[in-house]
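Keep the viewer open as you read.

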Amino acid sequence: MTRCAIARIDTNALQHNLSRVRAAAPDSRVIAVVKADAYGHGLKQAAHALFAADAFGVARLDEALALREAGIAHRILLMEGVTTSDELRVAAQKRVQLVVHNFEQIDMLESVRLATPVQVWLKLDIGMHRLGFSPDQFAQAWQRLNDCSVVSGTPHIMGHFSHADDRNDSTTTDQLTQFERLSEPWQAERSVANSAAILSRPDSHYQWVRPGIMLYGVSPFVDGLADSEDLMPVMHLSTQLIAVQHLRQGEAVGYGGTWRCPNDMRIGIAAIGYGDGYPRHAESGTPVLVNDQRSQIIGRVSMDMLAVDLRQMPEASVGDTVTLWGDSLPVEEVAEHAKTIAYELLCGVTRRVDFKYS
Ligand SMILES: Cc1ncc(COP(=O)(O)O)c(C=O)c1O
């Protein structure tokens, strides 16, 4: 079977980016966030490449179990916790640490019998209003967990910022102040920093940091590029030209004919589309590289193909390489043209694409 589109995953870049986390947060231990198939990069391969991390963070129990099956013996933090006592038993048996963010989970811990106690992380809601105990529930939740016989040792405390990607937004300062005020009296190990806070808020590092997107070589900031943070892109998405068309001035390209040739010109048809995870909403003008030379997509992206402008590339021909993102073409830039974020583009690459690890 031939698959045109290739996602090359550079595991050295993953390791480089982990060392950037260490340099930015030298006194903290690192929970490498590998949920959602390691942001689309391949859970097991990414975890093996990141073996120097102190722990892994996942969102679903299945992801934690897949890590154990792959021989990962590190601490694993299940960041949404469990929803049933069966899940709780499996998690405990596999030594998976649990975030506890609601009273139903505390009820479950109080009523279950476990052969091995579990480490829990009490989640404080500091303003995202997604998961966690509100400031007025927090002391009661802490007390119950602290008294719970299946909880091992002292609970750790975690929170999550809602605005850290914008360095100029003062919300992060308010949320950190609240996190510090509510968590400080309990003398617990703490974690609140995601990638953006790791790079911009040393005062938020505490004992554990939780980098996700920066490990994959993407800037966590709304206005940033990986390069300026000394991060190396990990995923390099490319394909080939499978046709070249000679069109006349005024002829339309693709579904709906949204783009018309301003003059007689050549266009290339690249074998990648939204069926591979390339965003359909990428507008005409979204950058691509044809043989390392910058060009742009024209017309609508279809399921298996997209068209590229070959006006500046008289030599380009069938079989030539088209790069969608990676070296020299930051995924952040493509995301902006598709009115989304790099996280979504990376997570969205489908399994039709051939993943190659180097
Ligand atoms: C609870 C939690 N911690 C850490 C992270 C990592 O965030 P980032 O990828 O922005 O570094 C995430 C990702 O969404 C998360 O949900």
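This is a predicted model: local features need pLDDT of at least 70, side-chain atom pairs count only at pLDDT 80 or more; totals for chains, interfaces and linings use all residues.

Start at helix 6, which runs over residues 103-111: here Gln 105, Ile 106 and Leu 109 are buried. Why do they end up on the same side of helix 6? Because the arc they cover around the axis is only 100°. As background, an α-helix has 3.6 residues a turn, so residues three or four places apart point the same way.

Zooming out, the protein chain splits into domain 1, residues 11-218, and domain 2, residues 235-357. Their C-alpha centres are 37 Å apart. Where the two domains touch, domain 1 puts in 10 residues and domain 2 puts in 11. On the domain 1 side, helix 2 (residues 35-40) gives the most, with three residues. Sort that side of domain 1 by class and you get five nonpolar residues, five polar ones and no charged ones.

Last stop, the ligand. Around the ligand you'll find Val 33, Met 79, His 160, Asn 194, Ser 195, Ala 196, Arg 210, Pro 211, Gly 212, Ile 213, Met 214 and Pro 220. By class, this shell has seven nonpolar residues, four polar and one charged.

Definitions and conventions: Residues are numbered from 1 along each chain as its sequence is written. Domain bounds come from an automatic or database domain assignment. Two residues are in contact if their C-beta atoms, placed from the backbone, lie within 7 Å. Helices (H or I, at least four residues) and strands (E, at least two) are DSSP runs, numbered from the N terminus. Ala, Val, Leu, Ile, Met, Phe, Trp, Tyr, Cys and Pro count as nonpolar, Asp, Glu, Lys and Arg as charged, and the others, Gly among them, as polar. A residue is buried if 20 or more other C-beta atoms lie within 10 Å of its own, exposed if 12 or fewer, and partly exposed in between; C-beta atoms are placed from the backbone. The arc is that of the directions from the helix axis to the C-beta atoms. A residue is near a molecule or strand if its C-beta atom, placed from the backbone, lies within 6 Å of it.
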